[in-house]
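Work through the exercises below with the sequence and the coordinates open. Each task is followed by a stepwise solution.

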Amino acid sequence: MKNIFIKLARKRISINPKTLFLIDAVGALFSAFMLGVVLVQFESIFGIPQAALYLLSIIPCFFVLYDLACYSFIKNTYGPFLKLLALLNGSYCILSLRLAVIYSDKIAIYGWCYLFIEIAIIGILSYYEFRAGTTFS
C-alpha cells in the first residue's frame with residue numbers, strides 16, 4: 001500500500017509541478033496551526049518555548065501566501081519558483097534545528113518527535129520541489 005502511494009505521488013508530481021504549490025500551502029497552513037495554536041496550548045507537554053513556537057509559526061504563513069500566489073499566477077515557468085520554495089523550506093528546517101539546539105534543555109521528548117517529523121516531511125517535500133524545479137526550468 002505504501003509503495004502504491006509513493007508511486008502515485010511521484011507520478012502526480014512529475015505530471016503537474018503546480019500541484020507542489022498546493023501541497024506546500026496545505027502543509028504550511030497545518031504547520032502554522034500546529035505551532036501557533038496547538039503546541040502553544042500544550043507547552044508543558046512539548047517543552048518548546050512560546051517565543052520559538054510563535055517564530056516558527058509565522059514563517060509558514062508567508063509560505064502559504066507565496067504558494068498560493070505561485071499557484072494562481074504562474075502559468076508555465078515553474079522551475080525558479082519551485083527551486084526558491086525548496087531553498088526556503090530547507091532554510092526553515094535549519095532554523096527549526098537551530099532553535100531546537102538553543103532550547104534543547106527545555107524540549108521534551110514529544111517536542112523532539114514533533115520537530116523531527118516536521119523537518120523530515122519538509123525535507124522530503126523540498127527534495128521533490130527542487131527536483132521538479134530543475135526539471136521544469
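**Exercise 1.** Which residues have the most contacts inside the largest nonpolar core, and how many residues does this core have?

Solution. The model is predicted, so local features need pLDDT of at least 70 and side-chain atom pairs count only at pLDDT 80 or more, while totals for chains, interfaces and linings use all residues. Residues are numbered from 1 along each chain as its sequence is written, and side-chain values use heavy atoms, with hydrogens and water left out.

Step 1. A nonpolar core is a set of buried Ala, Val, Leu, Ile, Met, Phe, Trp, Tyr and Cys residues joined through side-chain atoms within 4.5 Å. Buried means under 20% relative accessible area, exposed over 50%, and partly exposed in between, with a 1.4 Å probe and protein chains only.

Step 2. The largest such core has 21 residues, and Leu35, Leu39, Ile48, Leu53, Tyr92, Tyr114 and Leu115 have the most contacts inside it. H2, H4, H5 and H6 each give two or more residues to this core. Helices here are DSSP runs (H or I, at least four residues), strands are E runs of at least two, and both are numbered from the N terminus.

Step 3. Another core, of 10 residues, lies apart from it and includes Tyr66, Tyr78, Leu85 and Ala132.

**Exercise 2.** With which residues is Ile48 in contact, leaving aside its neighbours within four places in sequence?

Solution. Contact means heavy atoms within 4.5 Å. On that basis the partners of Ile48, beyond those neighbours, are Leu39, Glu43, Leu53, Ile107, Gly111 and Leu115.

**Exercise 3.** How many aromatic pairs does a search of the whole structure find? Classify two of them.

Solution. Step 1. The search finds three aromatic pairs. Rings of Phe, Tyr and Trp (its six-membered ring) pair if their centres lie within 6.5 Å; planes under 30 degrees apart count as stacked, over 60 as edge-to-face and the rest as tilted.

Step 2. Phe63 and Tyr92 have ring centres 6.1 Å apart and planes at 70°, so this pair is edge-to-face. Phe63 belongs to helix H4 (residues 50-73) and Tyr92 to helix H5 (residues 79-102), so the pair ties together parts 29 residues apart in sequence. Phe63 is buried at 9% relative accessibility, and Tyr92 is buried at 3%.

Step 3. For Trp112 and Phe116 the centres are 5.7 Å apart and the planes at 25°, so this pair is stacked. Both residues lie in helix H6 (residues 109-135), four residues apart, which is about one helical turn. Trp112 is partly exposed at 22%, and Phe116 is partly exposed at 47%.

**Exercise 4.** What span should helix H2 (residues 18-41) have, and where does H2 bend?

Solution. Step 1. The expected span is 1.5 Å times one less than the number of residues. With 24 residues, H2 should span 34 Å; its end C-alpha atoms are 35 Å apart, which agrees.

Step 2. H2 bends by about 35° at Met34, the bend being the angle between axes fitted to the seven residues ending there and the seven starting there.

**Exercise 5.** Which residues of H5 are buried, and what covers them?

Solution. The buried residues of H5 are Gly79, Leu82, Leu85, Ala86, Asn89, Tyr92, Cys93, Ser96, Leu99 and Ala100. Their cover includes H2, H4 and H6. In the protein as a whole, buried residues make up 40% of the 137 residues.
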